[in-house]
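Have a look at the model first, and then we'll go through it part by part.

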Amino acid sequence: MAIQVIAFDADDTLWVNEPYFQEAETKFCQLLEDYLPHHTVGQELFKTEMQNLALYGYGVKGFMLSMIETALRVTDRTVSLEVIEKALAYGKALLARPIELLEGVEEVLQALQDRYRLVVATKGDLLDQERKLKNSGIEHYFHHVEIMSDKKEADFQKLIRHLDIRPDEFLMLGNSLKSDVLPVLALGGHGIHIPYHTTWAHEHIEHHVDHPHFRQVDTIADILPFLLP
Ligand SMILES: [Mg+2]
C-alpha cells in the first residue's frame with residue numbers, strides 16, 4: 001500500500017455522538033407522548049430531518065429546528081411553549097456535551113502520526129465540530145481538518161485534490177459505509193469500516209462490500225497491523 005494520508009471520520013469514529021442524539025430524541029418523544037405514541041413521534045422527527053437536510057445540512061442546529069417543526073406539526077400547532085423551550089434546551093445540551101473519545105483512539109493516532117499525514121474529515125455544524133475537536137485533546141495529531149457539508153464523491157475528490165495526492169494514496173476510516181467508505185472506494189481510494197454499535201437511520205445501509213481496497217475491523221486499534229508493517 002502506498003497510503004500517504006489517513007483521514008478519520010469524527011462522530012462515532014473518534015468520539016461518541018449518535019447515542020447522545022438518541023438520548024435527546026427519546027426525551028423529545030416523551031414530551032409529545034400525550035399527542036402521539038413514542039415511536040410515531042420518532043418517525044415524524046426523522047421525516048422532518050430528511051426534508052430539511054438539504055436546507056440545514058447535518059448537525060445539532062438543524063436537529064433543533066426539526067424538533068420544533070415536528071412538535072408544531074404533530075400537535076396541530078397546539079404545542080405548549082414549554083415543549084419548544086425544552087426541545088431547544090435538549091439541543092443546547094448536545095452542543096455543550098463534553099467529548100468522550102472512543103477506546104484506543106489516542107493510542108492509534110500516536111502510533112500513526114510519524115508515518116502518515118493524519119486528517120479529520122467530518123460533516124456537521126462547523127462551529128460545533130470545531131468546538132468538539134478543540135475540546136477533544138487530540139487536535140494536535142492532525143495535519144488538516146476538513147468539515148464538509150456532505151460526504152459524497154465530489155466532496156472527497158475536493159479534499160484529495162486539496163491534499164495534493166492521488167486517490168490511491170488516501171485512506172478513509174469511519175463508522176458509516178455510506179458516507180466514509182463507498183464514495184472513497186469509488187474514487188480509487190482505500191476505505192476501512194469500523195462499525196459502531198448504533199447508526200443513525202440516515203446512514204444505515206445493507207451493503208456487502210467486496211473490494212481490494214476495503215476492509216472492516218472491529219475496533220480502531222485493529223487497523224494498526226495493516227498500517228504499520
Ligand atoms: Mg461517523
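How far apart do the C-alpha centres of domain 1 and domain 2 lie? They lie 28 Å apart. Before going on, note that this is a predicted model: local features need pLDDT of at least 70, side-chain atom pairs count only at pLDDT 80 or more, and totals for chains, interfaces and linings use all residues. Residues are numbered from 1 along each chain as its sequence is written.

**The two domains**

Domain 1 covers 5–15 + 100–227, and domain 2 covers 18–96; these bounds come from an automatic or database domain assignment. Where they meet, 13 residues of domain 1 are in contact with 11 residues of domain 2, contact being C-beta atoms, placed from the backbone, within 7 Å. On the domain 1 side, three of the touching residues are nonpolar, five polar and five charged. (Ala, Val, Leu, Ile, Met, Phe, Trp, Tyr, Cys and Pro count as nonpolar, Asp, Glu, Lys and Arg as charged, and the others, Gly among them, as polar.)

**A pair of helices**

Helices here are DSSP runs of H or I with at least four residues, and strands are E runs of at least two, numbered from the N terminus.

| Item | Value |
|---|---|
| Helix 2 | residues 38–56 |
| Helix 3 | residues 60–74 |
| Packing angle | about 130 degrees |
| Axis separation | 8 Å |

The axes are lines fitted to C-alpha atoms over the stretch in contact, with angles running from 0 to 180 degrees between N-to-C directions. Helix 2 and helix 3 are therefore oblique to each other, the word for whatever isn't under 35 degrees (roughly parallel), over 145 (roughly antiparallel) or 65 to 115 (roughly perpendicular). Among the residues that meet are V41 and L45 in helix 2, and F63 and M67 in helix 3. Sorted by class, this contact has seven nonpolar, five polar and five charged residues.

Just after helix 8, G188 takes a positive phi of about 100 degrees.

Finally, R166 sits in the loop between helix 7 (153–163) and strand 4 (170–174). R166 is partly exposed, because 13 other C-beta atoms lie within 10 Å.

Key: A residue is buried if 20 or more other C-beta atoms lie within 10 Å of its own, exposed if 12 or fewer, and partly exposed in between; C-beta atoms are placed from the backbone. Two residues are in contact if their C-beta atoms, placed from the backbone, lie within 7 Å.
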